[in-house]
Amino acid sequence: MPAKDFYHDTVCTALIKDGWTITNDPFKLRVGGRSVYVDLGAKKLFAAEKQGRKIAVEIKSFLDPSLVSELEKALGQYDLYYLIMEDEDPERVLYLAIAQTVFEGFFSEEICQMVLRKKSINLIIFDSETEEIVQWID
């Protein structure tokens with residue numbers, strides 16, 4: 001299994017504070033004889049529904065000196081997990097979780113803005129200090 005991201009526990013806490021239950025840590029996906037691991041699986045039950053909403057969350061810290069390299073890795077993982085989940089768990093929604101500072105900094109740059117315009121990426125923006133989710137972007 002892969003090592004946990006720097007913000008792994010922070011995102012777990014933020015999701016729990018937001019009413020989510022962590023169901024898988026990590027969330028394992030299998031294709032043939034291969035396994036990949038999304039950082040988290042979670043569900044949330046809604047009073048008005050009999051079924052809950054299920055998500056998978058890939059957490060990225062963007063702490064590496066090469067932010068573009070981190071973006072390349074994040075996009076590659078997101079795309080791979082998305083494709084596998086389409087077949088293996090289509091009712092679960094995939095999210096990329098990033099810190100608010102990364103969203104307001106690096107993700108405000110043209111390279112990230114272009115990616116967000118051209119690709120359908122669900123984002124969870126969290127405050128690393130308060131350990132709370134500040135924005136969901138679908």
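## Salt bridges and local features

Asp18 is partly exposed, at 29% relative accessibility, where buried means under 20% relative accessible area, exposed over 50%, and partly exposed in between (1.4 Å probe, protein chains only). The structure is a predicted model, in which local features need pLDDT of at least 70 and side-chain atom pairs count only at pLDDT 80 or more, while totals for chains, interfaces and linings use all residues. Residues are numbered from 1 along each chain as its sequence is written, and side-chain values use heavy atoms, with hydrogens and water left out.

Asp18 takes part in a salt bridge with the side chain of Lys44, at 3.9 Å from N to O; the term denotes a side-chain nitrogen of Lys or Arg within 4 Å of a carboxyl oxygen of Asp or Glu. Because Asp18 lies in the loop between α1 and β1 (21-24) and Lys44 in strand β4 (residues 40-44), the pair ties together parts that are 26 residues apart in sequence. Helices (H or I, at least four residues) and strands (E, at least two) are DSSP runs. A search of the whole structure finds eight salt bridges.

Another salt bridge joins the side chains of Asp89 and Lys54, again with an N to O distance of 3.9 Å. Asp89 is in the loop between α2 (67-88) and β6 (93-99) and Lys54 is in strand β5 (residues 53-59), so this pair links parts 35 residues apart in sequence. Both residues also belong to a network of salt bridges that includes Glu91 and Arg92.

Lys119 and Asp79 form a salt bridge as well, their closest N and O atoms being 3.0 Å apart. Lys119 sits in the loop between α4 and β7 (123-127) and Asp79 in helix α2, so parts 40 residues apart in sequence are tied together.

| Residue | Relative accessible area | Class |
|---|---|---|
| Lys44 | 18% | buried |
| Asp89 | 9% | buried |
| Lys54 | 26% | partly exposed |
| Lys119 | 31% | partly exposed |
| Asp79 | 30% | partly exposed |

Asp5, in the segment before α1 (8-17), is buried yet has no salt bridge. The nearest side chain of opposite charge to Asp5 is that of Lys60, 5.1 Å away; Lys and Arg count as positive and Asp and Glu as negative, with His and the chain ends not counted. The Asp5 side chain does reach the backbone nitrogen of Ser61, at 3.3 Å.

Strands β2 (residues 27-31) and β3 (residues 34-38) run antiparallel and are joined by five bridges, where pairing requires that DSSP finds at least two. Phe27 has Val38 of β3 as its bridge partner. In this hairpin, two residues lie between the strands, and Gly32 takes a positive phi near 60 degrees.

Note on methods:
A polar contact is a pair of N or O atoms within 3.5 Å; within protein, one must be able to donate a hydrogen and the other to accept it, and residues adjacent in sequence count only if both atoms are side-chain atoms.
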